[in-house]
Protein chains: 2
Amino acid sequence: MALIVHKYGGTSMGSPERIRNVAKRVAKWARAGHQMVVVPSAMSGETNRLLSLAKEVAPSKHTDAVLRELDMIAATGEQVSVGLLSLALQAEGMEAVSYAGWQVPIKTDSSYSKARIQSIDDVRVRADLEAGKVAIITGFQGVDDQDNITTLGRGGSDTSAVAVAAAMRADECLIYTDVDGVYTTDPRIVPEARRMARISFEEMLEMASLGSKVLQIRSVEFAGKYRVPLRVLSSFTPWDISIDEEARSGTLITFEDDEKMEQAVVSGIAFNRDEAKITVVGVPDKPGIASRILGAVADANIEVDVILQNVSHGGKTDFSFTVHRNDYQKTLDLLKSGVVASLEAADVVGDTRICKVSIVGIGMRSHAGVASTMFRTLADEGINIQMITTSEIKTSVVIDEKYMELAVRALHKAFALDESQTAV
Amino acid sequence: MALIVHKYGGTSMGSPERIRNVAKRVAKWARAGHQMVVVPSAMSGETNRLLSLAKEVAPSKHTDAVLRELDMIAATGEQVSVGLLSLALQAEGMEAVSYAGWQVPIKTDSSYSKARIQSIDDVRVRADLEAGKVAIITGFQGVDDQDNITTLGRGGSDTSAVAVAAAMRADECLIYTDVDGVYTTDPRIVPEARRMARISFEEMLEMASLGSKVLQIRSVEFAGKYRVPLRVLSSFTPWDISIDEEARSGTLITFEDDEKMEQAVVSGIAFNRDEAKITVVGVPDKPGIASRILGAVADANIEVDVILQNVSHGGKTDFSFTVHRNDYQKTLDLLKSGVVASLEAADVVGDTRICKVSIVGIGMRSHAGVASTMFRTLADEGINIQMITTSEIKTSVVIDEKYMELAVRALHKAFALDESQTAV
């Protein structure tokens, strides 16, 4: 008997019939003797419906007081989901009980709309499991220490599921979604993309953070930190396939290097066109510059992705970074309104028409020439590289967004990803 | 400066535009210097939508575990409402903060779907008011001592509003609804029905419990117990009429007898066609019979309205009572499956095609002949009376439901209610 956490996305919960199918699948696992915790998302479209309603009532600036209410409103989507799934499970003859985040409780900080989980008290849920009940917990939400409802931001239900799995030391966390695993790149762009049977935690982290939207990055971080075995699989397989078959499907995120992983040089191609680049031009090259620029940005709760600073000329350097496109104007205004003057920088410039393309692979650690293959492939296609950053297991370039598909296809082919995949 | 509680029904909260109008009305009161607590219902149709969705997912028997989930689901309707109203108030430039029942907390017992309020902790809300904020609290719901969400049953938002007003010792509780006050009877049945400027608490209690669906009866009980000044008024007056004008509109529920009330013999005609009658025939006329019959019914959480037992003949008597039509079959099954045999009763019979019509008035206390006028009026119309009960301020008859409108119109005329109303 194992303790298993299932997470179902909004599409999987998208209609009464689909909810009943989720219940049948969960019941199958429970009847096989497993202790089951289920974390469903809101029904697809529901969170958008609620937030649109809020906007229609009062299109407001996102002050803290406003964000608190948006969280209050959005959190109801998952509360309805857990109740419905519990009813469906009870109709299947299972004992089931639903919990909103605050009832568990899942404690978070007070950053409305992007709260972070601080602790999970599993006493109540564990008692349910011991009593043979299926416990159903809202994803996406928690409660701060003032009893205010918080949400974790879009995709937060993945994080909730993994955090619950970590807190309860679950044997496996299965993320059911509308794709059947993690691919070498997006099959909509490269039809030859192949599903990976396994991917290392580090690679998954890079793939997730770089725009392969299968799993929210924070959920992967959580899984890595607590070594929660994590599997991404499809909720659209028939619910009555065998548990063994399900347990072999999808993509397993692993924490050990095995031979296969050592052999693969590049595992996948990730990309992201949600970012914008900003460059502070001609800043004095002296200690503290980076922290003064990014400190101001961080204080405004804006997340920064790529950060780049090259060697200086004549005591001046350029400092570049990327932010989400939604934060672009805010960031630009922020820098122009004070930071730049105080730094005696020449100018702040930016561009939203960019994209980031990355090659990811644990094998890169010990293989020379991978980056140069990447750069040559792009040059052969006539694509100019605007920025380059590298880490141990990825190399990313920022290019004009109009070349994104071309770059991804060319790299997928250059690294032979459509052939290299071997069954596990 | 007064502490005022406003309650808005589902129709008043029925669209983004209406919610903005509610916000403007509340802001007007707050700007006049009042401390404001607002209790809105779910947007009209929302509770039905949620419960239909639940039924579609799994049409379940109403076990405790099922009712817990239905409360979990239904409670989200009000949670969305308070968030939206808070956003609308903030857009009006007011500081506002919303609370779900559990956040206040409003503590209830654990009777899912018909919980009763046990206590309200006003510390957090009072701090908001002192800080100049408008506090918005979900109606209809609370939390039990195990942190399970409970709902108070349909119309429970009225009760929530009055309970909050009582707990906070509010100066007045204004119930905004889609009618502009309490009428001598339903104007849809008697076009000559007239709005009462004031009605005594006792009369209101009888009017509410007997089917004039303006206010939920429990809210009136609460108001009486804690002497909360309560006003029923329309939410469809323009939001920018003067506060004085609003404060004079609607119907005020009063706690003191004044001259006017002493003079009115009958204040209104109430009616109810949601009930069914059940008679246990031929039970031995000895102590403990009533409690054995009704004890079993109460244990099943079924509410009983009229109870009637007449004198016995030959040591046997008939025991009659009415229940909600939804509980009719359950009650009949319950009695047949055990109670009747153990009582050695001859039979249990019932009828759902009945209605109850009542005349209500504090003046009845000191006026003879009121009941006989009622019975003669019905006889003149050829209406047979099946059951009669009386209290100090009402006389009720149970008749065939097909005569309901006829009876109400005839009685409204017989007691000259279309003429007797005087301005206050």
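Colleague: In which sense do strands E9 and E13 of chain B pair, and over how many bridges?
Modeller: Strand E9 (residues 172-177) and strand E13 (residues 230-234) of chain B pair in the parallel sense, over five bridges. Strands are DSSP runs of E of at least two residues, and helices are runs of H or I of at least four, numbered from the N terminus. Pairing requires that DSSP finds at least two bridges, and five are found here. In E13(B), B:Leu230 is the bridge partner of B:Cys173.
Modeller: A word on the source: this is a predicted model, with local features needing pLDDT of at least 70 and side-chain atom pairs 80 or more, while totals for chains, interfaces and linings use all residues. Residues are numbered from 1 along each chain as its sequence is written, with chains lettered from A and ligands numbered from 1 in the order in which they are written.

Colleague: What makes E3 and E12 of chain B edge strands?
Modeller: The open, mixed sheet of eight strands runs E3-E6-E2-E1-E9-E13-E14-E12 in chain B. Strand E3 (96-99) and strand E12 (198-200) each have a single partner strand, so one side of each lacks a neighbour in the sheet.

Colleague: Which residues of chain B touch chain A, and what are they like?
Modeller: 28 residues of chain B are in contact (C-beta atoms, placed from the backbone, within 7 Å) with 28 of chain A. H3(B) gives the largest share of chain B's side, 15 residues. That side divides into 16 nonpolar, eight polar and four charged residues; Ala, Val, Leu, Ile, Met, Phe, Trp, Tyr, Cys and Pro count as nonpolar, Asp, Glu, Lys and Arg as charged, and the others, Gly among them, as polar.

Technical notes: Two residues are in contact if their C-beta atoms, placed from the backbone, lie within 7 Å.
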